[in-house]
Amino acid sequence: MATLSDIALAAAINILSAFIFFVAFAILRLQPFNDRVYFPKWYLKGLRTDPVHGGTLMRKFVNLDWKSYVRFLNWMPAAIRMPELELIDHAGLDSVVYLRIYLIGLKIFVPIAFLAWAVLVPVNWTSDGLANSKLKNLTSSDIDRISISNVQSGSQRFWAHIVIAYAFTFLTCFVLLKEYEKVAAMRLHFLASEKRRADQFTVLVRNIPPDPDESVGELVEHFFLVNHPDTYLTHQVVYNANTLAKLVKKKKKLQNWLVYYQNKLERTSQRPEIKTGFLGLCGAKVDAIDHHNAEIDRLSKEIALERDKVTNDPKSTMPAAFVSFKSRWGAAVCAQTQQTRNPTSWLTEWAPEPRDVYWSNLAIPYVSLTIRRLIMAVAFFFLTFFFMIPIAFVQTLASLDGIRKSAPWLEPIISVPFIKSFIQGFLPGIALKLFLIFLPTILMIMAKFEGFGSISSLERRAAARYYIFNFVNIFLGNLLTGTAFQQLDTFLHQSANEYPITIGTAIPLKASFFISYIMVDGWAGIAAEVLMLKPLIIYHLKNFFLVKTEKDREEAMDAGSIGFNTGEPRIQLYFLLGLVYAPVTPTVLPFIIVFFGLAYVVFRHQIINVYNQEYESGAAFWPDVHVRIVIALIISQIVLMGLLTTKKAAQSTPFLIALPILTIWFHRYCKGRFESAFVKYPLQEAMMKDTLERATEPNLNLKAYLQNAYVHPVFKASLDEDDDEDGDSQKWETESVPVPTKRQSRRGTPVPSKISVSGASSPSLPERQSRRSTPVPSKISVSGASSPSLPDSSFRSPPEP
């Protein structure tokens, strides 16, 4: 087992690693040629330009001002200095609320650590349970002497742990309640004060029932003209443009290679050649520039053909559409109500903002989503289960006993104090971290297969599964599997009725492993985050070989976003470890606090200067964060009850039963009180914002603002090209022309826009009534809805085709 000296040495190694990362970051970020890597967000906002240094050529690449290196940690106070309201304007609410998760960690664990070290540590340290233990083969260390393992079975000292457990629970619930209330208020204020966005007026409609007489666009238009006559404005049907998107992506890749070869020609004055075979390793040699020009021309023709096929083939139109309304109030009514008697058709939900849409999944038929999610649930179960095999193997090899058994010839080496401390305090965390490198990518692929229609929902789904995976494999896997291997000899030489006692005593003994994991993943990992070594290398490679225009340079310096699907589950693991081990082994708490404090400063700096969030959900993820902390709290209470049971504290253990019950009640209260603010939009707020907008912008052309908002990106590029070539021939229709419908029971409706990719677009029913000339005694019947036509003297029904 790791001793206090081993943990101290491992802490020193990790602190030194973090310090080296910080020094390297301080040096690299001051160099002029790295400015776009460490401050890309300000370049994207147009508020920063490349630094200019006069004098020698070296000054253009190297910062020779020695005073700037002395203040190499000045980025830390600068990161904290920006006020929260200004940070919301700068980075968005999602980023600010994400940072508040780290603040919650500090608000919870700082007072918990104070109570634990003031009360529990003296109680545990002055006991002699391990010294008098009958389990002679059970190993322990100095850390275990200040844990609950050192308290004798049946001792009255366990009352201190029970009282502290109640204090921890009430403190955690109080912090969560205040934070939930604060974040809910921030979200409502953000939505009320935010500038106009397309998703505020738009609803995603899915599972549109098929109609043999009308297209999806015509069906959507008629349905909403009848059922939302006063608020319906326009719509965009959803096309299966996945093949077209692949062709466009392939063309863009070829264009990047063409730029590369053209730059190479300018540098060397020799026309580059490539082989046309597999991966450019075989085949005939051809001129690289001519070859890529020919391939780009060929792809351009394929793209044009595929675009025509998608827009003209009814099979490419999916039973889904983005429907926009004249007001936020109208969109809120539609998104939050049931449209027909059949609850499985005409399903409406708030549309994600256009940059949040994951277009590939919108082409998945709605009926197949349930099957896909069932398949992925089974696949995730097997992924989680079988991953415990390498976890167990790693834990075996990462222990001194495991190394002695598998490689006894290393005994002289591992007996060296420094190497011994490194193995027990550093190696297990590194080995586990290597196993988890590819896990986020796998979970994101699984989420995409399930068919979620927005990037934010994909990340929330992947984050939920990452959290479950961390709980099963990192927490339970290392706790139980590691215990089984370390105490195998003890199990073989004792009676079965002593197994619960051994397990209960051994659970706190895994604290040393989790401490080493926190230091490797939390301390050194967070310090490596600010260094951004991978983005730095990628930027310079792209800048040297591919960058030709300013747009290319912007793409090269894009460092991405926070990565909610990976960052939030990692935070939740530390909440779980802190809450579970706080009443059991308080030694873990200082390491947890250092992680939350360091991570808050680092990610605040990254959000201010680096990360450019690709979507804004208005902190819609917060209910997930809250419930996972509550789950961690309940797990800690159950673990403590199990430990006290094994410690024969039968008289005091029943007093803990009320804690999970109170915690579950607290969660239900918060869910009922605050969660609606994250899933619904109050009609009162919508009406107030609509009224204010009409008063301040009475001449706003909302239709022009919304009509192109939800066109597939590959079509938007095509529309821009068509506008350049055809001039006004591709402009949107602003006049409504009565045309006959294919059903005799329906009135004439406005002709759809000439841009077929947008679906149908028309004015609302009252606007069309003003253009009628004679009454039409017909009925409109759309999906079970019927109503008499409204008489007007300006409309004449056109003849049926």
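This is a predicted model: local features need pLDDT of at least 70, side-chain atom pairs count only at pLDDT 80 or more; totals for chains, interfaces and linings use all residues.
Leu374, Val378, Phe381, Phe382, Phe385 and Phe386 make a nonpolar surface patch of about 640 Å². A patch of this kind is built from residues with over 30% relative accessible area and no salt bridge, with nonpolar side chains (Val, Leu, Ile, Met, Phe, Trp, Tyr) joined within 5 Å and, for charged patches, like charges joined within 9 Å. Areas here come from the Shrake-Rupley method with a 1.4 Å probe, and for residues only the protein chains shown count as cover. Leu374 belongs to helix 15 (residues 369-386) and is exposed, with a relative accessible area of 58%.

Residues are numbered from 1 along each chain as its sequence is written, and side-chain values use heavy atoms, with hydrogens and water left out.

## The protein as a whole

Stepping back, the protein has 36 helices and ten strands. These are DSSP runs numbered from the N terminus: helices are H or I with at least four residues, and strands are E with at least two. Of its 801 residues, 51% count as buried.

Among contacts with a separation of 6 or more, 79% are between residues 24 or more positions apart.

Helix 29 (residues 588-609) has 22 residues and reaches 32 Å from its first C-alpha to its last, close to the 32 Å expected at 1.5 Å a residue. That expected span is 1.5 Å times one less than the number of residues. Since 18 of the 22 residues are buried, helix 29 is largely enclosed by the rest of the structure.

Helix 10 (residues 216-227) has twelve residues and spans 16 Å between its end C-alphas, close to the 16 Å expected. Ten of these twelve residues are buried, so helix 10 too is largely enclosed by the rest of the structure. The buried residues include Glu221, His222 and Phe224. Phe223 is also in helix 10 and counts as buried at 1% relative accessibility. Phe223 and Gln339 are 116 residues apart in sequence, with 9.7 Å between their C-alphas.

## Nonpolar cores

A nonpolar core is a set of buried Ala, Val, Leu, Ile, Met, Phe, Trp, Tyr and Cys residues joined through side-chain atoms within 4.5 Å. The largest core here has 138 residues, and Tyr98, Tyr102, Phe575, Phe596 and Trp622 touch the most other members. Leaving aside neighbours within four places in sequence, Tyr98 is in contact with Ile562, Phe564, Gly567, Glu568, Ile571, Phe603 and Phe621. A second, separate core of 36 residues includes Val203, Phe224, Tyr260 and Phe715.

## Salt bridges

A search of the whole structure finds 20 salt bridges, each being a side-chain nitrogen of Lys or Arg within 4 Å of a carboxyl oxygen of Asp or Glu. Glu568, one of the contacts of Tyr98, forms a salt bridge with Arg628, the closest N and O atoms being 2.5 Å apart. This pair links distant parts of the chain, with Glu568 in helix 28 (residues 564-581) and Arg628 in helix 30 (residues 622-646), 60 residues apart. Glu568 is buried at 0% relative accessibility, and Arg628 is buried at 6%.

Glu697 and Arg196 also meet in a salt bridge (2.5 Å, N to O). Glu697 lies in the loop between helix 33 (683-696) and helix 34 (702-706) and Arg196 in the loop between helix 9 (158-193) and strand 1 (202-206), so the pair ties together parts that are 501 residues apart in sequence. Elsewhere, Glu194, Arg197, Asp199, Glu353 and Arg355 are linked in a network of salt bridges. Within it, Arg197 and Glu194 pair with their closest N and O atoms 3.0 Å apart, and both are buried.

## Two positive phi angles

Most residues other than glycine have a negative phi. Ser269 has a positive phi, near 60 degrees, and Trp346 has one near 50 degrees. Are these two residues buried or exposed? Ser269 counts as exposed at 64% relative accessibility, whereas Trp346 is buried at 2%.

Terms used. Buried means under 20% relative accessible area, exposed over 50%, partly exposed in between (1.4 Å probe, protein chains only). Contact means heavy atoms within 4.5 Å.
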